[in-house]
Amino acid sequence: MAAVFKIIPTTQQYDWGKIGLSSKVAQYARACKLPSFQFDQNTPYAELWMGTHHTSPSRLLDQEKLSDHLAAHPELMGARVVERYRDAGAAEGNLPFLLKVLAIGKALSIQTHPDKAMAERLHAERPDVYKDANHKPEMALALTPFQAMCGFLPLSRIASHLTAVPEFAALVPQTIADAFLFVASSLDPTGPKEKAALKDVFAAVMTADASLFQPQLEKLVARYEGGEVRDAEKDVVGLVVRLQSQFPGDIGVFCAFMLNHLTLKPGEAIFLAAGEPHAYVSGDIVECMATSDNVIRAGLTPKLRDVPNLVAGLTYNAAPASKHLVQPAAFAPGAEHSTLYDPPIPEFSVVRTELGAGEHETHRAVDGPSIAIVTEGRGAVTWGESGQRLEVSEGEVFFVGAGQEIGIEGGGAERGKLVVHRAFVEAE
């Protein structure tokens with residue numbers, strides 16, 4: 001039984017995906033000759049899924065489900081991972097993480113993901129909407145320049161918007177606005193009074209009646225298009241106009257005045273814990289998350305909106321966008337071409353390896369399963385005392401069993417560099 005083997009990912013087509021070959025998802029699916037993939041230059045290709053989630057599970061080349069193969073060969077999962085994640089179905093071959101590629105042409109919804117307790121409750125109450133009982137912390141690594149809204153702005157920044165943007169202020173009752181402005185300069189922005197005041201402002205905006213917010217949104221955009229912009233709002237004008245053009249008359253546009261807006265360069269990453277509001281705006285990313293498909297939405301979407309649960313489920317931690325950045329680290333001694341992104345949760349980490357032509361990198365044995373995707377170039381994976389070898393190229397996905405040291409080789413000079421993103425879990 002091979003410890004390293006290729007698997008077949010799945011694609012998802014959503015309206016927000018990039019169109020045709022502008023999408024990394026389409027590029028990868030086409031490059032690796034994904035079975036049953038029918039390319040259409042006018043179709044949005046949004047997500048590539050790699051894992052065992054029941055909604056869209058990966059398979060081996062012989063069409064066996066990856067989860068079935070792992071259940072039959074638990075040594076590929078590793079005994080410690082099987083035991084640690086037994087309640088999440090690890091003994092049945094279910095990985096504790098899900099790896100994706102996202103290609104974002106239009107903004108995704110204003111959303112959050114529930115923590116474990118909330119996920120269990122929502123799944124019990126609405127299994128048709130919340131299809132599993134797991135939490136969904138997630139990390140996004142930029143493949144191309146990537147824009148996102150993530151987490152609440154510092155209180156002082158929200159306060160400046162409340163005082164400088166009359167169309168935004170019109171959505172917040174004066175008593176709520178006054179209480180918020182009173183605490184906005186607090187030295188303890190995550191204190192209980194500060195969080196309560198922020199929650200009241202956010203709830204007031206997200207529950208505002210369309211008869212109130214839509215005329216204000218029209219006034220706001222008309223003012224911006226007419227060039228009337230105050231200093232305090234200069235940094236959000238482009239985002240507001242963009243969101244309004246994609247989702248005309250949507251309350252989610254006003255989140256630009258409450259959430260951080262950042263742009264990542266390729267190789268940079270952010271982490272979003274449960275209860276953090278966010279919306280991806282544009283770009284291509286590798287995304288890794290705990291195995292779940294639970295999303296609570298409240299704006300910028302034609303899908304079901306669950307404003308009460310979103311408002312109830314947020315942490316209301318106000319902080320600069322830098323709070324969400326993942327600081328890269330060395331993967332292992334001697335692995336000079338590999339960078340580790342290790343968020344503060346146990347279900348997953350991601351290592352990015354970039355090799356020039358003819359270069360080689362050794363990845364230490366990981367005490368748990370891994371899934372990797374070639375995001376650029378061609379090369380090979382080697383393992384075992386007998387020198388087993390697997391040629392890999394852009395878009396191809398491979399699995400690495402627990403406890404297996406591997407080598408990664410860049411291709412020849414004519415093939416350029418090789419870039420691999422590998423997600424893994426270890427039970428400490």
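This is a predicted model: local features need pLDDT of at least 70, side-chain atom pairs count only at pLDDT 80 or more; totals for chains, interfaces and linings use all residues.
Reader: Let me begin with a pair of helices: at what angle do the axes of α9 and α10 cross?

Author: Helix α9 spans residues 210-225 and helix α10 spans residues 237-246, and their axes come within 10 Å and cross at roughly 125 degrees. The two helices are therefore oblique to each other, and their crossing is left-handed.

Reader: Which residues make the contact, and how many of them are nonpolar, polar or charged?

Author: From α9 the contact takes L217, L220, V221 and Y224, while α10 supplies V237, V240, V241 and Q244. Sorted by class, seven of the residues in this contact are nonpolar and one is polar, with no charged residues.

Reader: How should I think about the sides of a helix, and which residues of α7 are buried?

Author: The general idea is that an α-helix has 3.6 residues a turn, so residues three or four places apart point the same way. In α7, which runs over residues 174-183, the buried residues are A177, F180 and V183. These cover an arc of only 135 degrees around the axis, which puts them on the same side of α7. On the other side of that helix, Q174, T175 and F182 are exposed.

Reader: What covers the buried residues of α7?

Author: The cover includes α5, residues 155-164, and α8, residues 192-206. Helix α5 has buried residues of its own, namely L155, I158, A159, H161, L162 and A164, and these pack against α6 (166-169), α7 and α8.

Reader: Now for positions in strands, where is V350 found, and which residues is V350 in contact with beyond its neighbours in sequence?

Author: V350 belongs to strand β17, residues 349-355, and at 0% relative accessibility it counts as buried. V350 and V286 are 64 residues apart in sequence, yet 9.5 Å apart in space from C-alpha to C-alpha. Once neighbours within four places in sequence are left aside, the contacts of V350 are M139, L141, C288, T339, L340, Y341, R422 and A423.

Reader: How far apart in space are E376 and M206, and what does E376 touch?

Author: E376 and M206 are 170 residues apart in sequence and 41 Å apart in space, C-alpha to C-alpha. E376 is found in strand β19, residues 370-376, and is partly exposed, with a relative accessible area of 34%. Not counting residues up to four places away in sequence, E376 touches E394, K417, L418 and V419.

Notes:
Residues are numbered from 1 along each chain as its sequence is written. Side-chain values use heavy atoms; hydrogens and water are left out. Axes are lines fitted to C-alpha atoms, for helices over the stretch in contact, and angles run from 0 to 180 degrees between N-to-C directions. Helices (H or I, at least four residues) and strands (E, at least two) are DSSP runs, numbered from the N terminus. Angles under 35 degrees count as roughly parallel, over 145 as roughly antiparallel, 65 to 115 as roughly perpendicular and the rest as oblique. A crossing is left-handed if the near helix is turned anticlockwise from the far one by less than a right angle, and right-handed if clockwise. Contact means heavy atoms within 4.5 Å. Ala, Val, Leu, Ile, Met, Phe, Trp, Tyr, Cys and Pro count as nonpolar, Asp, Glu, Lys and Arg as charged, and the others, Gly among them, as polar. Buried means under 20% relative accessible area, exposed over 50%, partly exposed in between (1.4 Å probe, protein chains only). The arc is that of the directions from the helix axis to the C-beta atoms.
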